[in-house]
Structure formats: structure tokens, C-alpha cells
Amino acid sequence: MSGTLTPAAAREARRAVLRASLPPLRAFAPALALGVLASGSAVALLATSAWLIARSAEQPPILFLGFAIVGVRAFALGRAVFRYLERLVAHDAAFRALSTLRVSVFRRLLPVAPDGLRGVRRGDLLTALVRDVDALQDLPLRVLQPLVTAFIVAMLSVVGVWWVSPAAGLALLVGLLATCAVAVAVLQGVSRDADLRIAPLRALLADAVLEYLTRWETLRAFGADEQRRAHVVELDAQLRRAQSRQSAAAGSVAALFTLGAGATLLVTLLATEPALVAVALTGPQLVMLVLVPLAVLEVVAAVPSALSAWWRVRASADRIAQVVPDTVPAAVPVPPADPAALPTGALTLSLRGVAARWPGEARHAITGVDLELGPGDRLVVEGSSGAGKTTLAHVLVRFLEHEGEYLLGGVDVHTLHPDEVRRNVVLCEQSPHLFDDSIRQNLLFAHDTATDDDLLSVLDRVGLGEWCRARGGLDAPVGERGRLVSGGEAQRIALARALLTDAPVLVLDEPTANVDPDRAESLLEQLLGAATSPDRAVLVISHTPVPDRLVTARLHLRAPE
Amino acid sequence: MHTLSIIAFCWFAAQSIAGVVDGVAVAQLGMPIIATAVSIVVRALTQALLDALAVQGAARVKSQLRARVIAAVDAGGSALLGSTSSARVATLLGQGLDAMDGYIGRYLPQLILTAVATPIVVGVLLFADLATGITVILTLPLIPVFMVLIGLSTRAVQRQQWQLLGSLAQGFLEVVQGLSTLMVFGRQHRQIDRIAAVTEEYRRRTMRVLRLSFLSGFALELAASLSVALVAVSIGIRLIDGEIALALGLFVLVLVPEAYLPLRQVGAQFHAASEGIAAGQDALDLLDTAPASAPAAEADSGATRAESVALIAGASSQSIGPVSGQPTGLAAIQDRSRPVVHASASTAPRPTVGVIPALAVHDLTVRRGDRIVVDGLSGAWMPGTVLAVTGPSGAGKSSLLGALLGLVEHDGVVELSGSPVPPAARAARIAWAGQRPELTGGPLDEVVALGSVAPDPERVTTSLRWAGVDDVPRGTVLGAAGDGLSGGQAQRVALARAHYRAISRDCRIVLVDEPTSALDAASEQRVIAGLRELADGGRLIIVVTHRRAVMASADAVLVVSGTASSLAEGGPVAAVALTTPKVAR
């Protein structure tokens, strides 16, 4: 299967995806600096206030404390201000990276789309892909930022404490390392497993609930409703167990940091006491050294959540690398180095012994297809489901590579740029995508110099003139994924789009697939009526019978043995 | 307990440190040091427990809500579920309830903890050092006040931006989903610039919102850290004057941040919380609109119900910021615009002396909401008959089948093989294939043998062959809700499923709704022959269809006419003139 990669290649592919999602250091450095300043201020605030109080206890003249008082106030202000700025700058940088990331994934998508994407025939894959791309913005924001900040602040604190008292510095370093090591081990051992199980369980439960709700009548009719409800309850219980496990792990990690902070405090106290006795250390210094670990461990407590964010980001990067191959599969056409051009105007399309298969599949979906399609022809392609009708449509618009001969206007399509072929052979897809925009925009993107009159007249031709006026004209929205239009209307809009391009060859793929059966024939009749022109060749794919009077020729496809 | 351990920790730690500073030997400080260690451990343990319990509580509440909504759906039946609404309900039960994690799992416990912990800590502070306690009491209310002020001023901006942000966030998704359409029109290349532009716009607008949203965090942080500074300086000055002891000063210094911490965390959880409140509200609304015909479900979980309502009401009254519970409910679902249709049945059953009709109905009336879709249908049909039912879309054909099956409420009597059978007992004796395949997920064998405990592989083979399913490999595992098959394949598998049931449970009646709508002519002929074969086995076949070939093959045709309006597709629906029953072979 082409769906699996070798581990080394998978790692390399993941690294490439991750690299693309990192903002340039230049853009991210200010955020990091501010993060260090904010967390550093928090540590310094506690340190100076501790010193201040301890020193005051020795009742020196207040003048000697002026510096510390100012410091306390400055660090208090600084902590809040730096934190605010840090969040702003970091988010800004992450959003900027998102833009680069989206563009880079899209660029990677273009040469292989649509048919070269692995597993693209599974419906919601693209939605998942987009979600994964957006999840990658967590990499700078929730992984690197906290990790780097925590590391720098922790190291600076250790160095600072060491400088005052090596013993205390050592205690802090050991405390930090020990706490982090145990926390990471707990996370690795308990939470990561649960983490990885929760997402699939959640998806399973959602599927089971959706199935139960949408199939309720069927399940009742077949007496299977109780069994399915028990299944939902069981999945629910499993998910709950996994979540409890995860939360227990998260809770114990948080507790660990509290424990670590307390322990470090005690150890530091015991370790510095001899120095105090030996008068190598003043009382205020000791108080400061002992309390600093509390603040440092609070900063470092961000490490566990950064780690689980990292695991999530890595899983997303893996999925992207998996779905979007970085090499174009053999079954997807590649533009020639020196593409030829086609003459404008009517064209004849001819196939001789054409065979094709989907990427990653050994079996041909079609073999030995011959057809001849000239201006004015209307050819219907019939065949049972699985006979390769959609495969043929994708070959015609060069979404899929083929064997055999495919000539367009007498020119071998291999010498043409796929875009050039698609300028001349326009496909009305089975489920045309309608963009969440106005009717006008949904038509214009096919032919952006068309005037409103052009648009209205083409809508009239496909039988949508009245419909469009009833909705208040071209500015009416079509809704997200065409939610506001019916299956038949979507097909008409798709045809209107295709007609606007004035392409000499039109391919209609199952225009009645999403239409009530009793309306299929009249829709087919209207669509073919609108598409017919002496200069245009039309190929329509249909599983419902097409009356003879609507077409000039028939081709019956049969699945290859 | 947790709060007390925090206080104890601060107290003993301060004692130990002050002791050391004052030159007491470590050996003599055993008590405070051990006490510090103990309080650290207790604090860590209680913290872990608190976290774990909170999330478990959230999971439990979610499970209960999920179970109750499903119970409500069961009780409300198909009247509650429209095809459009079920997706919404499912989303609500999935992602919607997950959004409640933040609310029930973190926000509420934090709120409770704040309500308990803050007064205790403040009380201790007051007792330990009056001046500090007063400082904290004065500054603490500033936090919610700040948050409300900032919340009010940002809410308007956020609302304005939200819609726009939503659509900008969708921009990339749209481009990727519509990629093949874009490629068809050669527009894919210019999308690169568009993606960059849309994302840049998204960044600009989001940052504008975030600048304001982060202000509330800024206010919290500032209030908390300035208070620490204030307390530290005032203690320092009083220490100089010798008013208080070092140990007390340290204790207060370490404890002060703990007074602010819970409230700060409430603020931090608030965003997640408001999302969860909306989801919880949705689920409760759904339960509210569930029909009163669900007394059993209502009774056994009434307690949970009251609890959840109280939780949500409790949160609303906190008035820390916007609480948005969308009034959604099921009003839209129940308001289905089904055309009013009268069934004008005019079918004469074949009078076959000495044989009991497989199905007889007397005065069958079906209502959808307030509308009558089947009006007083009577008739009787013999085993071995194929009865075609036809009529325009929305005329009530599927409702008729639903009523016969006992899934749709109706008036009138339905007799199976001569004796009246109540609705609930009918489905067990009737095999049915609905208009949509409505397949379930799982291995093909289980899908076909739905409702039987152990699928019989040989029977499955027979049924698959009968329905002409020769292009789906036997080992196929279907995705959720039968994903992974083409429309034609799904339809034939659904037919095989009905066949399996008819054979394995020996159902005398087989109802099929539009069995050939997605099939080509050859497959259609195969289905027609299959239906005849089933009828010849002594069954009554009722087939809803628009196909002429299917009608022509039937022994009788029942025309359901109505005032069906053909909305979007234009053109009147072809009238069918086959009202006279064809004479059987």
C-alpha cells in the first residue's frame, strides 16, 4: 500500500511539516524575550520581597531599603505588563506562522490534488486535514514558548542562586530536574496512553451516537435499538475511564510540582543553614534563597501541558505528512516541461483503449474505453455503480493519469498542461462545491469578467432565473457548503458555472445523484437542454435512464474483470 | 483540607525559616520542619484529588446528560427527530458536551474552591496581621470589578467580530474542500494569495479582539502582583519599626498570593466556561422540549436534572461576565412543513376465498403534527401479492409504511394475518427497507443481519446474492453510519438486510420504500424479480415506487395523492394513471 511510509521517511516527512509551521526566529524572539521577562519578574518579585522583609526584620534605617522597595514595585508591575505583551506578541507571531503554514501545505497539496491525496475518497478527510493544519499553530504558542521560557528562567535562577550560595543553587537544580523528570515519566507512562486513547474513543462515541440518532427508525424496525444503546453506554463508560485516568495523571503531576517546590524549599533551608552559621550568608539572603524555588517551580509547572501539546502537534504533523504525499503518485498527471497550446473554438475529443486506475490501487478502474465526441454530440455514459464512470470523468479532466490514447482537438493531452485541458473540458462534479458566498461570487469565479447580465441570462438558461430573483438577486447567499440550496439547484449552479466558461466540452457527472428520484428526469432534461449547442460536445454520466431523445449516443461501461 | 494544608505549609515554612535566621540550630527546629514536610505532602495529595474528582465529576455529568437525551429521543421517537435535527443533536451530544468539560470540570470546582478557600485565607490573614488582611479585602473585590468592566466593554466588540472571525477561520477550509471545483475552473493557483490574505485578515481581526480579551488577564495579574508588592512593602516598613515578628511577616508574604490564586484561576477558566454553559443549556432545552410522553425517563433521572439546572443557574448568578445560553430547543424541528395529504385508496384486494389476508387495515389515519397525511385508509391484501404504492413526493407514502410498521403514531386497526396487532409488536413481524439505506457501521455480515444476535453467514450470502450485491467484498467493514459504499451499493445492501430479516424471522410482510431509486435498469429488473420471488414464498410485498417498471410488475397499485407542491425542481410531478389493479398472473 502506498498509504504507509517507512519509519525514517515518516520522521523526515513529519520534520518537514513541523519546520514549515515554525515562525522565523526573528518574529518569535520578542515573544520569547517578553516571556522570560515576565516569568523572571515573577521570580524576582518573590526574591526581592523576601529579602526586603527579612532585611527589615533587622531594623536598618529605611533608607537602605529604598532600592528593594522600588524593585518590588517595579517587578510587580513588570510581571503583569510583560505577561500581557508576551501573550499579544506570541499570538501575533503564531498567527503569522499560520499564514505561512497554510500556504505551504496548500502548495504541497496542489500538484497531487484532488486524486493523489491518500485516502481522499473518504469523505471528511479534507476537514480533518484543515483541522490538523490549524492545530500546528500550537507548536510555537503552546509548546516552544512555555518550554523555552521555563528553561531560560530556571537556568537564570539556578545561576543567580548559585552565585549567592552554591549549595542552594545545587539544591534548586536538583529539585528542578527531579521534579521535571518524575513529572515527565508520569505523563509518559499514564497520561500519554490515555491521551492517545481519548481522541479515537471520542470519535467512536460520536459516531455511535450519530448512528443511533440518524438510524433510530431502522434500529427500532429491526429490534436492534437496545443493543446499540448498550453499545453507546459502553463506549461512554470507556471514555470516562480513560478521562479519569488522564485527569488523575494531570492531578498528580500538578501535585508533584507542589511537592517539588516544598521539598526544594526545605532542602535549601537545610543546605544553607551551615553557611548562615559560618556567617558566609546573611539572614535576608537565606530567606531569599529559600523562597525563590517556590516561584521558579511555578514557572516550570507549564512544562507538562507543553509536553502534551507537543504530542498532539506531532500527531497532527504525522497525519498531514501521511495524507499529502511529497512526491506525486504515478496515477496523477504531471504538467509537461514545454506545454503546447490548443486552438480556441470547437474541439473533438477521442479516446482509444484508455485504461486508468486510482493512486495506490493495483486494479484498473476502467480498461479499453473507446469514445469519440464531436461538437454538437451528446453522449450518455451508463453503467452500474463501480463500473468506473467517475474514473472516466476524472481522466477526461486530467485529475487522473491514463494509459492508451486521449486526443483533444487531435493533440495528445500529455503534451498539454492539465490546466489547459481543463479550460476546454469542464466537469460538473457529482457534488459540486458551493462556496459560502453570494450567488454572484459562486458564478464569477468561473469567469470573472462576466457582467451581471451575463450571469442572469445564464441562470435563466439553467432554470434558476426565477429562483434567483425570489431570493433577492445575485447577492443572495448560498450558505455554508451550499446549505441553502437543494441538490437540484446545486447542479444547476454548477452547470451555470460551466456554461459561463464557454468551454467546448462539458462533462456532467451524475447530475441527478442528490435529487429526488421523481424529479431526476425533468432535471436531466433541463440540464441537457441548456447545455446543448452546435459548438459544444456534452458527455453525461448517469445511473438513471436517460431518454433517447435527449442524447445522440450511448456508451455502456462495465467494470474490468 | 487543601486550603488548610496551604495555610499550614506557609505557617510552618515561615517558622522554620525565621528560626534558622534567628540562629536556632536546625536540630531544635525539628517540629516546624517536619510539620512543613507533612503539610507539603498533604497539600500535594489534596491537590491531586481535587483535580481528579473535578474531571470525573464532569465526565459523570456528561454521561448522564447524554443518556438522558438519548432516552428522550427514544421516548419522543421520530416526531422529535427530523433528518436535519439529528445531526445537530449528535453534534451537541459529542463536541457540545465536551465543551462542558471546561465548565463542569474546571470552572465550577474552581468557583466552589474560591468560595471556600478565599474567605478562609482572608480570615487567617486578618487574624495574623490586620493591616495585610484589610489590604487584601480591599483589593480582592477589585478583580471581579475589573473583570466585569472589561468584560462589558469587550463583549460588544467580540460579538461584532465573532461572526466575521468564524467565516474567516472557515476560509481555508472552504478552499481545501472546494479544491477540485477550483481546479475544474483553473482557479487553484490564485488561491495561494487568497489564503495568505484571508489568514492575514484573520490575524489582524483576532489580534484586535485579543488585545481587549487579554486585558482582563492583565488586570488580574496586575491586581494580584501589586497587592503582593503593597503587602511586602508595608510589612517591611512595620518590621523596621519592630511592630511584627519576621516569622509572621514571612507567613503573610507567602500566603498573600494564595488568596488571589483561586480567583485568578476562575478568571482563566471563564472563557472555556461560557462555551460549556451554552452547550449545557442546549442539552437541557432539548430535554425540555422532549414530549411529555416520556414520563419514565423523566422520573428516574429527575434528580440529575434538577442538579444540572442548579449548576447552571448558580453560574449565571455569579455575573462575572456574559452568560450566553442560546434559546434553541426543538421548535424548529417540530415545525416541519409537511404538505397535508389525503390518502385516496382505491384498491380492491383480490378476493381469494379461504385465505386470510396478510395485512388488513381499518380506518388508518396518520397525522404528522397537526396535519393528516393518511386519512381513513381501509383495505386487505393477500399473501403472495406485490402491491405498489405511488404518488407525488410528500404525499405520505413513507408515513403510511411507518404507521404499518408501528413507528409512526396513527389511529385505526392494523391486522396481521387475521388478528389485530398493537404498534409496538408489529416491527418484529415485518421486514422493512426504508427510503434511505440507513446502514449501520461494522462488518458487512453484521450490517446485513442487523437485529439478529449471531449472523448466519449462509443466509447473509443468500440475501446478498438476492439483492445483487456482488461488488462489495464480503470482508468489508463499513464506517460509522454505513460510510464507504456508493449510493447504489448502499441501497442494495439495505435490500439484502430486509431480505435477511424476512427470511430469518419468516416475516409475512415486506415493506420496501423506493428500492430502485439509485439503481440502473438492469439492477432494477433484478430487484423486481427478487420481490416477486419473495411474494411467491407466501408474503405480501408493499413497494413504494416512482419507477414505471416496478409499477408495471406489481399486482396492484395504490395511488396516494395529495396536495404535494413541487417546490424547487419546477414542473408538475408526472401523474400516474395506473389506478386499476392489474390482474395477477
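Biologist: At what angle do helix α3 of chain A and helix α8 of chain B pack, and how far apart are their axes?

Modeller: Two packed helices are described by the angle between their axes and the distance between the axes. In this predicted model, where local features need pLDDT of at least 70, side-chain atom pairs count only at pLDDT 80 or more, and totals for chains, interfaces and linings use all residues, α3 (residues 66–109) of chain A packs against α8 (residues 191–240) of chain B at about 165°, the axes lying 8 Å apart. Since angles over 145 degrees count as roughly antiparallel, α3(A) is therefore roughly antiparallel to α8(B). Residues are numbered from 1 along each chain as its sequence is written, and chains are lettered from A in the order in which they are written.

Biologist: Which kinds of residue form the contact of α3(A) with α8(B)?

Modeller: There are 23 nonpolar, seven polar and twelve charged residues, where Ala, Val, Leu, Ile, Met, Phe, Trp, Tyr, Cys and Pro count as nonpolar, Asp, Glu, Lys and Arg as charged, and the others, Gly among them, as polar.

Biologist: What is the order of the strands in the open sheet of chain A?

Modeller: Strands of a sheet pair through backbone hydrogen bonds, either parallel or antiparallel. Here the four strands follow the order β2-β1-β4-β5 with antiparallel pairing, two strands being paired if DSSP finds at least two bridges between them. The edge strands, each pairing on one side only, are β2 (366–373) and β5 (411–412) of chain A. Strand β1 (residues 349–356) of chain A is joined to β2(A) by five bridges, and A:Ala356 stands opposite A:Ile366 in β2(A).

Key
Axes are lines fitted to C-alpha atoms, for helices over the stretch in contact, and angles run from 0 to 180 degrees between N-to-C directions. Helices (H or I, at least four residues) and strands (E, at least two) are DSSP runs, numbered from the N terminus. Angles under 35 degrees count as roughly parallel, over 145 as roughly antiparallel, 65 to 115 as roughly perpendicular and the rest as oblique.
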